[in-house]
Each structure stands twice: as C-alpha cells, then as structure tokens.
Amino acid sequence: MTDMNKDNLTVISGSILTGALIISVAIIYAFGSERTTQKVATTTTLPAFETKVPYQQTLVDGEVVLGDPNAKVKIVEYGDYQCPFCEMFFANTESKIREQYIASGKANMIYKDLIIIDNFISNGQESHNAALAANCAADQEKFWEYHDALFTVEGVDGKENNGNLIKSLFMSIAEKLKLDKKQFENCYDTGKYSSEVASDTEEASRDLSRLSTPSTLINGEVISGAVSFSDFATVIDKYLK
C-alpha cells in the first residue's frame with residue numbers, strides 16, 4: 001500500500017469514527033466529564049404553552065400520576081429539564097402517548113428527576129432549580145402543566161447551561177399558570193424539594209444500568225433515548241395483551 005493510500009485510509013477511518021461518535025449521542029444524555037459552557041444573559045419572555053393538561057392528575061406516594069393511577073401500564077420517565085432529547089421526547093413522542101394511552105386509561109405516567117446536565121459545568125444548577133420549581137407547582141396541583149411549560153421553554157432555545165432557567169423565569173411561568181406566587185416563591189426559595197430531587201436521581205442509579213436521559217420504564221422495562229412513538233407503542237401494547 002502506498003503512503004498516499006495509507007494517509008487516505010487514516011482520514012477515512014477518522015471520519016467514520018467521528019460520525020459514529022456523533023450518532024452515539026444523538027438520542028440520549030449521559031453522565032460524562034465536566035465541560036465549560038459560557039452562560040449568557042436571558043430574558044423571561046415566555047413562549048405560548050397550554051395552561052391546563054386535560055388528563056387526570058393524582059398524588060400517589062409523593063408522585064403526581066398523570067392518568068388513571070390504576071392503569072395496566074405504568075410509564076416512568078427519568079428526565080432532565082435541560083436535556084434537548086428529553087424535550088424532543090416530550091414534543092414528538094410523549095404527546096402521542098398521552099393521546100393514545102393516557103386519555104384512554106390504558107396507561108399512566110410519572111416523571112422523575114435525573115439531574116445530569118448540571119454536571120457538565122462547574123456549579124451547574126439550572127436542571128436542579130427547574131426540578132425544584134416543578135415540584136413546587138405540584139403543591140398547587142399544577143405539576144404537569146409546569147413540567148410542560150419548562151420543556152416548551154427549552155424547546156425554543158435548545159441549549160443547555162445558558163442561564164435561562166432562573167428564578168424570574170420560574171416566577172413568570174407560575175404567574176401564567178395562575179399559581180399563588182407567594183406560596184410558590186417560598187417553596188422555591190427554601191429549597192423545599194431539594195431532597196426529593198436528589199432522591200429521584202439516587203433512585204435512577206438503582207433502576208438504570210446506565211444513567212442517561214431520557215430513560216423511560218414501561219412496567220419496569222427500560223427504553224433509553226428519544227425513540228419514536230411506534231417503538232414505545234410496541235412495548236406498551238405488549239403489556240396490554
């Protein structure tokens with residue numbers, strides 16, 4: 001083999017490896033080494049979002065169950081509010097799961113916090129703080145509305161650790177959802193649900209062989225990543241037979 005051919009082979013191999021690495025992170029976020037991301041100033045202008053989720057919400061063992069709590073299929077998502085693939089799952093797959101299975105009473109859903117993206121920078125806290133805000137909204141029976149609002153906001157921006165998930169934004173969402181702002185602010189400022197958020201992440205380490213977001217359990221069977229609705233439907237339907 002000539003030196004020129006060897007060089008070409010090296011370049012091609014490197015390109016293939018680079019492509020494989022890009023594909024490997026295309027559907028999930030996982031714990032990795034710390035990296036630095038520049039934070040920028042942001043406003044609290046809100047995109048349009050629904051202020052009422054049209055499905056039953058029931059508090060069961062400290063978790064807000066979306067749909068019939070006695071449904072045959074139980075779906076548990078571990079997610080991070082900064083995760084772009086969690087937002088992709090929310091926008092493209094979860095909405096169809098709600099329409100096809102939650103509305104009919106065939107399945108229910110629980111969201112648990114798996115804080116990952118905060119770990120990508122020093123002193124990261126946006127994922128954690130967003131989780132606190134959503135849990136505070138649960139005190140006023142608006143957990144899923146707040147959950148949806150956070151992912152809608154992140155869907156507009158699409159970047160992690162950019163400084164947009166801050167108290168003023170959380171308060172703006174609370175106001176639009178017509179929450180008692182004083183009660184919400186006190187809950188948030190005191191970090192009322194810090195231990196709950198930490199407990200969810202610790203629970204994920206027991207339930208999942210690999211910590212990544214989104215990770216979804218369907219009757220205990222793990223699906224990793226923002227896979228298509230048809231893939232989810234295949235697993236859900238298996239448990240409905």
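## Pockets

Strand S2 (57-60) contributes the most to the lining of the largest pocket, namely three residues. Strands (E, at least two residues) and helices (H or I, at least four) are DSSP runs numbered from the N terminus. A pocket is an open set of points, on a 1 Å grid over the protein atoms alone, where a 1.4 Å probe fits and with protein on both sides within 12 Å along at least five of seven lines; lining residues have an atom within 4 Å of a point. The model is predicted: local features need pLDDT of at least 70 and side-chain atom pairs count only at pLDDT 80 or more, whereas totals for chains, interfaces and linings use all residues. Residues are numbered from 1 along each chain as its sequence is written, and side-chain values use heavy atoms, with hydrogens and water left out.

The largest pocket holds about 360 Å³ of space, a volume being the space filled by probe spheres set on the grid points, which are joined across faces, edges and corners. Its lining has 21 residues, and Leu59, Glu63, Val64, Ala138 and Phe143 lie nearest the centre. Two or more lining residues come from each of S2, strand S3 (63-66), strand S5 (107-113), helix H3 (126-138), helix H4 (143-157) and helix H7 (194-207). The lining of the largest pocket comprises eight nonpolar, four polar and nine charged residues; Ala, Val, Leu, Ile, Met, Phe, Trp, Tyr, Cys and Pro count as nonpolar, Asp, Glu, Lys and Arg as charged, and the others, Gly among them, as polar.

## Second pocket

The second largest pocket contains about 260 Å³ of space. It is lined by 14 residues, of which Glu50, Phe90, Ser95, Arg98 and Asp148 are the closest to its centre. Helix H2 (84-102) and H4 are the elements that give two or more residues to this lining, and H2 supplies the largest share, six residues. Six nonpolar, two polar and six charged residues make up the lining of the second largest pocket.

## Packing of H2 and H4

The axes of H2 and H4 come within 9 Å and cross at roughly 135°; axes are lines fitted to C-alpha atoms, for helices over the stretch in contact, and angles run from 0 to 180 degrees between N-to-C directions. H2 is therefore oblique to H4, since angles under 35 degrees count as roughly parallel, over 145 as roughly antiparallel, 65 to 115 as roughly perpendicular and the rest as oblique. The crossing is left-handed, meaning that the near helix is turned anticlockwise from the far one by less than a right angle; clockwise gives right-handed.

In this contact (heavy atoms within 4.5 Å), H2 provides Cys86, Glu87, Phe90, Glu94 and Arg98, while H4 provides Trp144, His147, Asp148, Phe151, Thr152, Glu154 and Gly155. The contact of H2 with H4 has four nonpolar, three polar and five charged residues.

## Packing around H6

H3 packs against helix H6 (residues 181-189) at an angle of about 140°, with the axes 9 Å apart, so H3 is oblique to H6. The crossing of H3 and H6 is right-handed. Asn129, Leu132, Ala133, Cys136 and Ala137 of H3 meet Phe184, Cys187 and Tyr188 of H6, a set of seven nonpolar, one polar and no charged residues.

Helix H5 (residues 167-176) and H6 have axes that come within 10 Å and cross at roughly 145°, again in a right-handed crossing. Lys167, Phe170, Met171, Ala174 and Glu175 in H5 meet Lys181, Phe184, Glu185, Tyr188 and Asp189 in H6. Five nonpolar, no polar and five charged residues form the contact of H5 with H6.

## Backbone features

Thr213 and Pro214 are joined by a cis peptide bond with omega of about -10°. Pro214 belongs to the loop between strand S6 (212-213) and strand S7 (215-218). Asp61, in the loop between S2 and S3, has a positive phi of about 50° although it is not a glycine.
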